Each structure stands twice: as structure tokens, then as C-alpha cells.
Amino acid sequence: MTTRIPHWIDGRETEGTSGRTSPVFNPATGVETARVDLASADEVGDAVASAKAAAAEWRHASLSKRSGVLFAFRHLLHEHADELAAIITAEHGKVHGDALGEIARGLENVEFAAGVPQLMKGGFSEQAGTDVDVYSIRQPLGVVAGITPFNFPAMVPLWMCANAIACGNAFILKPSEKDPSAGLFLARLWQQAGLPDGVFTVLQGDKEAVEGLLTHPDVAAISFVGSTPIAQSIYETGTAHGKRVQALGGAKNHALVLPDADLDVAADALVSAAYGAAGERCMALSVAVAVGDVAEPLVDALAVRLPKLVIGDGAQAGTDMGPLITREHRDRVASYVDAGEAAGATVVVDGRASEVPDEGFFLGATLLDHVTSEMTVYRDEIFGPVLGVVRVETYDEGLALINSNQFANGTAIFTRDGGAARRFQYDVEVGMVGINVPIPVPVAYYSFGGWKDSLFGDTHMYGPEGINFYTRGKVVTSRWPDPASSSVDLGFPRTR
Ligand code: NAD
């Protein structure tokens, strides 16, 4: 009997009725472990109706009640982190320690959102006009939905749902159908934390579920994280249906390595950021831009590190890098290496020839040198364990290369020169910048987001911008007049 992975609607597991399912694999063994239900338009309607009823109640919950639920949820998540990490590893493939890292970064968002009484404070201007006070308040939107990618099945939902729920909305999560169990685990923890049924829903599904959410009149806002073509289409369809949309897309993150960089620091950072989670991170560094003389020693320093990486089942202690998410994706990544080689890149370390477990969707770590901006291995987001080195003569040439890329999620500079780092931070056209920090994912009290084709919409995700996204402003102008001084006045109200 194959395990079924159901929806979570109205505070309970709800088996799908569409008759459609999708396989879920353990990528380390290649074995199908379950089938996840895929929602139909009718099931989207049921989920939204339940969330709508719950939102109408939840908006009345006091700020301290909401904050209390967030605190309890934070505690449960912390207590059950190991269990959740095992679920992530079994469906995504990333190593257990890395799964714990994603949970820790997700937890930060819950901790931030627990401060909702402070975050929802408005402004107050006494005597804005004579005997007139003006104040601003922020109110929830109602039902909001989050559509999330396979590569962070816990952290990305937590980027969204913690703030959305703290602000008084009901949240519908549509997880990736490739690793859908983490979302259900979060649902159970929310319930144990005291969140009323219907405020957090998990709607399993694919394109059909997403289209249902994008066009449903009772869904007020959509948060999306995934690949660029889907992000763009979600943004266009969602906004055309009158919704507020933030849609984060793909990436091609460059590291600029200056000749004065500490070579070991840079090489360690690049290997960690390029091959961690088998390169399946939107903040993975996939291009090293080597300036001037640093290229040769940098390539050598990278090359000696790769054979030491232990590749295997992420559930086994001591593994550095797990498999890719599916067989098809593994083959696609390998085909990019083939294309890069055919186009003239030098294969310094060949992951296609690495010794990896026979079962499962493994590919070794690949290092390419002499990559150029015309090659597909440079132009496209590969989302696998492949690092390409592009050699440039000057800082300006490197900066121009980064600024001409369609993606602009994250970037990093490696240097010991504070002035050069300051200049880079100022000039680079990318949303998140690291200075000797390879994966500059902002802490939860800042917001996360790229530029250009890495984000469609005006608002970055989580942090203060997340609070704005999940609320709308209202401004109240108030007077308590003395009836004795009341008179008819057809003039436009003045403050002076
Ligand atoms: P994806 O775009 O294939 O899927 C993302 C979500 O969209 C999933 O829930 C999926 O079910 C849904 N979806 C897929 N095809 C759809 C369609 N045609 N219509 C409607 N919905 C559809 O992305 P993925 O492969 O799950 O994740 C990897 C991608 O996500 C990479 O491009 C990565 O860079 C990106 N990503 C970006 C960030 C960021 O913050 N910018 C973070 C994580 C991942």
C-alpha cells in the first residue's frame, strides 16, 4: 500500500477527492515512498471557504493572544526540529544538519512575528487640525496564500506564514508536490500551539491548485517563491485578478574574488556556498568571477577541496552533500556540464565521473574553468552542484558582468580592501550583498528579496516588508466636537 499524503483543511487531514496524485521519492534511494494528493478546483474552493470563515474570527484575536500562539509554536518547532529535519531529508535529500539549518532560519521568522504587538503599531498625531487627531492602523487582508518551492520545504513556508498569521490573516500553504510532508508537520504544530482550525491550511497540488488560488475572489494576496518563468506568470495572473502579489524567482549568484582576497577563506566559502544542498539553493553561488592574477590559485584551491566532499544519503552522519531532487533534474544538470564542455569550458573536476551511490539521484561536484557569458552553463540557472569560474581582467569588468545578468538575487565580494567592498556594495545591482559572506540571507528583522528577474512585485519577503505585505493601512481622522460650536461649512476641510 502506497502512503497517501493528504491536505490539511479545517484542522484535520483531509483526503483528496480529485483522483489525481503525484509520486514522492526519497532522492537518496530513488524509491517512491508516497503519493501526494493534487487538489481540484472544487477542493481549492473548500480550502478557501474554511480559511475565510477562520479569518473572520482570527482577526478579532487580541495581539497578545496571537503573540502567545506564536511563542508556543516557536517552542514546539524548536522541540521537534530533529523530527522535521528527518522528514525534509527523506523527501528533499539535503543532509540532516543542513535541514536543521533551514529550520533554524525559519524559526527566526517565527521569533520576529511573535513581536506582532510592536510590529502592528500605528502612528498618532494629536491636534493635526484644531481638536482633530489623526492615527494610522494596519489591518489583516483576510485569506492569503503561499506557493512554495521544493528546495526549502520548511523555511520558505515559515518566511510567509509566521507574519501572515501574526497579522491576523488565515494562511493557505500550497507546498511543492515534490516534498509535501513538511507542510503537514507544520500544520500539526500550529494546532498544538493553539491556533484555531482553518487559520493554517495545507492544500496539496500542482498547477491546477495554483490556478484555483490565483483566480479565487476570496484570496486577497499571493506570496510565491520558485523559478522565474512561474514567478512572472503568477505575478501577472494574480495581479490581473486584483490580488497583491510578491513572486520571488530564480537566481544566478556571482562571487567576485579580488586579487587581495584571503584565498583559503574565499575557497572555503565558495565550496560551501556552491555545493551545499547540492547547489539547490536560490542563494547558492554558481559563478566565481576571478579578477586578474587570482584565477589560477583560486581554481587550484577549489579543486583540492572537492574530492574531500562526502557524497551520500543525507540521513547518514558525516555526509556533506546529498542527491538532487529527481532523476530528471540530475540528468538536466549533467547535460549543462556536457554543453559547457562542448562550448569550450575546462572541466577541472568532473562530477559526472565522481564515485557516487548507484541508487538515488546523485551527481558529483563539478568545477568548470574558462566559462564565458555566452555559454548556457553561465546563462541559465542550473540549480545543481556546478561552479563555473569566469576570468576577468579588472574589477570594473567583473562588476559589469554581474550587473548585466538577468538575475539579481544575491552576490558576494571577497577582498581585504574595505574601500573596494564599499564601492561594490554601492554599485552592484543585486538585492542582497555579502562582503566576505557567501550566502547573505538577511536575518528575519530585515527583509529578503532580489532585483530584476529574481523578484516580481514591490515587496520583499518576511521582516518589516512582510508585515506591510500582509496588512493594509487605514488612517482615521477623529474629532469629538462640542455641539455648541457646530455649523454648516461647505468649504474643503483645512487644518489651519
Ligand atoms: P518551481 O517554479 O518549479 O515551483 C515552485 C512552486 O510553483 C511549486 O509549488 C510548484 O508546484 C508550483 N508550480 C510549478 N509549475 C507551475 C505552473 N506551471 N503553474 C503554477 N504553479 C506551478 O520551482 P522549484 O523547482 O520548486 O524550486 C526551485 C526554484 O525556486 C529555483 O528557480 C530557485 O532559484 C527558486 N527559489 C527562489 C528563491 C528566492 O528567494 N528567490 C528561494 C528558493 C527557491
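The model is predicted, with local features requiring pLDDT of at least 70 and side-chain atom pairs pLDDT 80 or more, whereas totals for chains, interfaces and linings use all residues. Residues are numbered from 1 along each chain as its sequence is written, and side-chain values use heavy atoms, without hydrogens and water.

The chain contains 16 helices and 23 strands (DSSP runs of H or I with at least four residues and of E with at least two, numbered from the N terminus). Its radius of gyration is 25 Å, close to the 23 Å that the globule rule gives for 496 residues, so the chain is as compact as a globular protein of that length; the radius is taken over C-alpha atoms, and the rule is 2.2 Å times the number of residues to the power 0.38. Of the 496 residues, 56% are buried (under 20% relative accessible area; exposed is over 50%, partly exposed in between; 1.4 Å probe, protein chains only).

By the rule applied, 23 salt bridges are counted (a side-chain nitrogen of Lys or Arg within 4 Å of a carboxyl oxygen of Asp or Glu). One of them joins Arg 20 and Glu 208 at 3.1 Å, N to O. Arg 20 lies in the loop between strands S3 (12–14) and S4 (21–26) and Glu 208 in helix H8 (residues 207–215), 188 residues apart. Asp 268 and Arg 305 form another salt bridge, at 2.6 Å, N to O. Asp 268 belongs to helix H10 (residues 263–275) and Arg 305 to helix H11 (residues 295–305), so the pair ties together parts 37 residues apart in sequence. Asp 268 is partly exposed at 40% relative accessible area, whereas Arg 305 is buried at 16%.
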